[in-house]
Amino acid sequence: MWTMSESDAEDQAIESEDSPENGGVPSESEVRLVHAARNGDNDAFGELVQRYERRVLKVIRRFIPDLEMATDLVQESFLRAFERMDQFDPSRRFGPWLFRLAVNLTYDHLRKVRRRGRWALFTDAGEDRAPDPAVSDPRRDLDLSQEVQVVLAEIPEAYRTVLILRDLEGFCTSDVAAVTDRSEATIRWRLAEARKMFREAWERRERRADKARLVQRDT
Amino acid sequence: MAMNCSEVKHLIHLDVGDDLRAEEDLQLSSHMEQCSDCRSYHAGMSSAMALLLTLRDDPAMVVDSVNTKSVWPSLSREIQRRKASPRVTRKFNLQVVALSVCSFSLAVVTMVQSLSSMRDYRDPAGFVPAQTVFNQSQTPQTKMLQFRPGVNDDPSAVRTALLPHETPVWLPQSF
């Protein structure tokens with residue numbers, strides 16, 4: 001089975017090609033590949049896939065940690081990109097357009113799961129409940145990043161997406177705007193609100209944990 | 001222009017992620033020099049941001065570049081398969097619409113017929129046009145509906161006064 005062979009350095013190079021420093025203009029090699037892919041060149045499309053698949057997978061896994069499901073969504077995203085290549089504006093960069101497809105597919109998947117969960121006889125909603133005060137410290141069994149992940153999940157989707165793309169995945173605000181199809185001013189506002197929401201959610205969690213510790217000490 | 005603390009807090013949220021523009025950075029710095037509340041808020045925000053950034057390098061999220069299989073081989077097969085099989089085009093099915101319209105019309109006709117048969121059952125003589133009931137010598141103001149013996153002697157049938165140009169309407173009690 002074919003495995004990824006590009007080094008992280010190569011990946012970094014691709015990321016820097018897409019960085020805001022190059023003024024949001026697509027690189028020459030990317031233009032060439034996109035042009036060939038639009039004309040039905042499968043190998044060119046394959047090269048685009050290999051350039052972007054790891055980053056797409058990483059972004060999707062921020063929303064859906066399950067590797068298998070995330071990989072399926074990566075494949076679905078590229079398939080959709082291939083089918084809609086004729087709708088892509090070649091004067092723009094391929095990356096934000098691809099990430100928009102991937103993020104939208106991820107949203108669709110999450111909505112489907114939520115809808116299914118609403119009608120299912122048994123749900124796993126209990127996992128997200130507030131910690132039971134009778135438990136000494138609900139964070140005891142979680143490491144820091146898991147705790148942060150739980151707090152992040154409390155933030156509404158539109159704000160969480162901006163936070164994930166900008167702060168965790170390092171997209172510039174103009175790319176986040178392109179991916180989410182919003183203006184840059186909206187993204188800046190959402191970003192500020194999302195960071196504030198994260199802080200408030202974290203502080204709420206801290207207070208709950210302190211309260212639980214006090215209850216434990218009293219009993 | 002001097003900014004208030006709530007406006008500065010918005011800038012602080014952007015500053016912790018290095019998202020401030022040069023002029024905003026100046027405004028924030030000059031406010032923070034004088035405001036201890038905003039300085040402590042900034043410190044709290046920086047701590048929260050540091051926590052969030054622990055996720056950035058979370059090993060659970062790092063994609064193993066050696067062991068993770070590329071999606072391209074299976075994707076390329078899927079693309080070939082789709083190219084080989086003709087694309088299914090969606091066509092508007094007029095037959096379904098025609099059938100629905102027919103069913104609806106049939107339902108309406110059946111309903112009207114059943115209503116009229118119900119009326120015939122409850123009032124075998126049918127209703128009598130107002131003009132034949134009214135005495136022509138009566139003035140419009142006194143033209144009250146007269147009850148015909150044997151036809152309108154049902155006390156439950158409520159009739160209201162009609163003006164000459166109005167047509168009486170009979171409704172079955174079930175309405």
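A residue is called buried when its relative accessible area is under 20%, exposed when over 50% and partly exposed in between (1.4 Å probe, protein chains only). The model is predicted, so local features need pLDDT of at least 70 and side-chain atom pairs count only at pLDDT 80 or more, while totals for chains, interfaces and linings use all residues. Residues are numbered from 1 along each chain as its sequence is written, chains are lettered from A and ligands numbered from 1 in the order in which they are written, and side-chain values use heavy atoms, with hydrogens and water left out.

**Figure 1. Chain B has six helices and zero strands.** Helices (H or I, at least four residues) and strands (E, at least two) are DSSP runs, numbered from the N terminus. Of the 175 residues in chain B, 28% are buried.

**Figure 2. His42(B) sits in helix H3 (residues 36-53) of chain B.** The relative accessible area of His42(B) is 16%, so this residue is buried. Apart from neighbours within four places in sequence, His42(B) contacts Ile12(B), Asp15(B), Val16(B) and Met32(B); contact means heavy atoms within 4.5 Å.

**Figure 3. Phe92(B) belongs to the loop between helix H4 (72-84) and helix H5 (94-122) of chain B.** With a relative accessible area of 66%, Phe92(B) is exposed.

**Figure 4. Phe92(B), Leu94(B), Val97(B) and Val101(B) make a nonpolar surface patch of about 420 Å².** Patches are made of residues with over 30% relative accessible area and no salt bridge, with like charges joined within 9 Å and nonpolar side chains (Val, Leu, Ile, Met, Phe, Trp, Tyr) within 5 Å. A salt bridge is a side-chain nitrogen of Lys or Arg within 4 Å of a carboxyl oxygen of Asp or Glu. Accessible areas come from the Shrake-Rupley method with a 1.4 Å probe; for residues, only the protein chains shown count as cover.
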